[in-house]
Amino acid sequence: MEKETFYITTAIDYVNGLPHIGHAYEKIATDVIARHFKQRGKDVFFLTGSDEHGIKIQKTAAENGIQPKEHCDNTSNEFKKAWKKADIDYDRYIRTTDADHEKVVQWAFEELLKKGDIYKSSYTGLYCAGCECFLSPRELDENGCCPIHQKKPEEVKEENYFFKLSKYKDAIAEHIKKNPNFILPQSRANEILNQLKDIEDISVSRSKESVSWSIDVPSDSEQGIYVWIDALTNYITGVGVLDDKEKFNKYWPCDVHVIGKDILKFHSIYWIAFLMALGIELPKSIFAHGWITIDETKMSKSLGNVISIDTLMQTFELQDADAIRYFLMTTASFGKDGNYSDEEFKSKVNADLANNLGNLLNRTLSMLVKYFDGKISNRTMDADLLKLCNETVSDVERKFDYYEVTEAIEKVITLVDAANKYVNDKAPWSLAKTDLNECEKVLYSVLEVMKYASVLLYPVIPNIAQKIYTQLGFEGEIKGIKLADLKTLTIKEGQIATKDTISPVFLRLDSEIAKDKKK
Ligand code: MSP
């Protein structure tokens with residue numbers, strides 16, 4: 001039987017600045033979801049990349065005294081390096097300056113011109129370069145500024161091409177109402193339904209004179225295509241809409257576009273209208289996540305509080321990004337705003353990864369070595385714990401069905417808590433003196449729980465999960481293990497550990513080292 005496919009995308013990042021943990025948050029969440037669905041046997045395609053055209057990038061390159069393309073090459077490389085450090089296992093990193101993408105954008109634009117959904121008209125409007133869009137006076141704050149970028153938009157008078165967005169607003173509203181999982185979390189759907197009421201046609205080109213760094217309108221070389229139309233189209237280029245029909249038919253429609261709440265309007269209104277106009281099937285869902293603040297403050301260059309994966313890894317002397325991934329995925333329910341602070345980071349990962357998970361494995365394996373020479377001879381598992389393991393697998397799957405990453409992780413932590421409690425209640429160190437059979441059952445049962453926990457947590461903490469898996473006596477990579485394998489994948493009989501094979505899977509973060517380094 002052919003594998004079912006699962007196509008997942010992130011927003012593509014503007015390359016006017018360097019990658020920070022806000023960008024990383026989204027890529028990590030998407031990576032976690034992608035890895036989970038691979039564990040469910042799906043044929044996953046994971047697309048991420050960078051958004052490289054537009055006035056914002058044109059200006060940044062000019063400020064740096066280099067050509068826009070060179071600027072984009074340099075910065076997109078920094079993003080790729082950051083995603084490597086964060087263990088983001090994507091299938092394609094798309095750049096909007098890629099030749100296949102430029103071709104698709106031009107094709108789509110001309111298609112809509114031919115259909116009459118794009119027309120030319122003159123326009124005067126207020127353009128926010130930060131948002132890369134026109135804002136209506138209603139959207140401005142009391143000082144006449146963009147509420148997100150706190151800057152006055154620039155008045156632009158031009159003859160541009162327009163897209164008949166208003167023509168699609170009823171169809172979009174109906175689609176949202178009929179498909180409760182189209183916008184996730186569901187609580188965000190109303191916000192979009194309200195915005196739809198005020199939707200007018202949008203300008204989809206700028207004169208080349210004002211924005212030279214853009215994809216040309218093929219039939220009118222004095223006009224460049226609007227950066228959001230360019231950017232959104234990446235989702236169909238990424239799976240070969242023009243160049244690889246077979247791939248496109250295999251993966252499209254996209255299962256989920258993972259994006260930040262600030263750009264939900266572009267995805268659930270502009271993108272959807274654009275696809276409707278092109279006659280392309282709509283994505284199944286759009287998940288809008290919240291924003292990450294630092295010490296409860298918005299990250300900004302001027303405040304100097306922008307943190308990257310790299311700085312955190314260096315500050316805390318981390319070998320890999322697992323702890324950061326874990327923290328970001330659990331700091332707030334995925335979909336809500338979250339916060340990073342050094343203190344919260346240390347206490348969360350020390351408690352969950354070092355103590356709860358790591359110590360449980362460590363002390364169980366140590367007892368196995370002490371009382372049984374590191375050998376398993378009787379594989380009897382506690383029935384209640386086994387039941388809980390199986391329930392946890394189903395619960396985690398159900399949570400991931402709605403991309404509730406944080407709640408899925410919580411289910412696994414509850415399982416680990418139960419195993420910790422079980423060890424404390426059963427006291428295998430006392431059983432070792434009175435009932436060796438029961439003692440072995442307790443230790444084996446806990447190790448089985450660790451097997452479930454490592455596989456279920458692998459999407460979030462792939463490196464730690466691998467270490468646990470190896471210390472449980474398994475050979476090879478945890479990466480290929482499917483959730484369906486869990487029942488048959490048993491810890492082997494015989495020697496699984498010695499004093500030398502046991503080592504902490506995660507070392508507590510030393511607050512003093514971190515403090516000194518930050519200074
Ligand atoms: N280029 C557009 C997206 C086009 S998608 C077709 C863009 N780029 S961005 O660089 O500004 O943001 C990229 C993604 O990162 C967005 O989904 C945005 O919400 C997310 N984040 C940027 N800063 C963030 C935080 N501080 N916290 C969480 N996510 C944040 O928008």
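Predicted model: local features only at pLDDT ≥ 70, side-chain atom pairs only at ≥ 80, totals over all residues.
Colleague: How many disulfides does a search of the whole structure find?

Modeller: A disulfide calls for two cysteine sulfur atoms within 2.5 Å. The search of the whole structure finds 0 disulfides. Take Cys146, which is in no disulfide: the nearest cysteine sulfur belongs to Cys131 and is 3.8 Å away. That is because the cut-off for a disulfide is 2.5 Å.

Colleague: And which cysteine sulfur is nearest to that of Cys439?

Modeller: For Cys439 the nearest cysteine sulfur is that of Cys389, 19 Å away, and Cys439 is in no disulfide.

Colleague: Are Cys146 and Cys439 buried or exposed?

Modeller: Residues under 20% relative accessible area count as buried. Cys146 has 1% relative accessibility, so it is buried. Cys439 is buried as well, with a relative accessible area of 0%.

Colleague: Let's turn to the ligand. Which residues around the ligand come nearest?

Modeller: There are 24 residues around the ligand, and the nearest are Ile12, Glu26, Asp51, Asp262 and Ile292.

Colleague: Where do backbone atoms lie close enough to the ligand to count as polar contacts?

Modeller: The idea is to look for a pair of N or O atoms within 3.5 Å. Here a polar backbone atom of Tyr14 is 3.0 Å from an oxygen atom of the ligand. Gly260 has a backbone N or O atom 2.9 Å from a ligand oxygen atom. For Ile292, a backbone N or O atom lies 2.9 Å from a nitrogen atom of the ligand. As for cover, the ligand has 650 Å² of accessible area on its own, and the protein covers 94% of that.

Colleague: Now the sheets. What is the general idea behind strand pairing?

Modeller: Strands of a sheet pair through backbone hydrogen bonds, and they do so either parallel or antiparallel. In this model, an open sheet of 4 strands runs in the order E6-E5-E7-E9, with antiparallel pairing. Its edge strands are E6 (133-135) and E9 (202-203), each of which pairs on one side only.

Colleague: How many bridges hold E7 and E9 in their pairing?

Modeller: E7, residues 154-163, pairs with E9 in the antiparallel sense over 2 bridges. To find the spot in your viewer, look for Phe162, which stands opposite Ser203 in E9.

Colleague: What is the strand order in the open sheet of 3 strands?

Modeller: The order is E10-E12-E11, again with antiparallel pairing. E10 (205-207) and E11 (216-217) stand at the edges with a single partner strand each, so one side of each has no neighbour in the sheet. E11 is joined to E12 (residues 220-225) by 2 bridges, running antiparallel. In E12, Asp220 is the bridge partner of Val217.

Colleague: Back to E13, then. How many of its residues are buried?

Modeller: The count is 5 of the 5, so E13 is largely enclosed by the rest of the structure. Val256, Val258 and Gly260 point one way from the strand, while His257 and Ile259 point the other way.

Colleague: In which sense do E1 and E14 run against E13, parallel or antiparallel?

Modeller: E1 (residues 5-10) runs parallel to E13, joined by 3 bridges, and Ile8 stands opposite Val256. E14 (residues 285-289) is also parallel to E13, with 5 bridges. There, His289 in E14 is the bridge partner of Gly260, the residue whose backbone lies 2.9 Å from a ligand oxygen atom.

Colleague: One last side chain. With which side chain does that of Ser50 make a polar contact?

Modeller: With the side chain of Tyr93, at 3.2 Å. Ser50 lies in strand E3, residues 43-51, and its 0% relative accessibility makes it buried.

Methods:
Residues numbered from 1 in each chain as written. Heavy atoms only, no water. Near = heavy atom within 4 Å. Polar contact = N/O pair within 3.5 Å; in protein donor to acceptor, adjacent residues only side chain to side chain. Areas by Shrake-Rupley, 256 points an atom, 1.4 Å probe, with all protein chains shown as cover. Buried < 20%, exposed > 50% of the residue type's maximum accessible area, 1.4 Å probe, protein only. Pairing = 2+ DSSP bridges.
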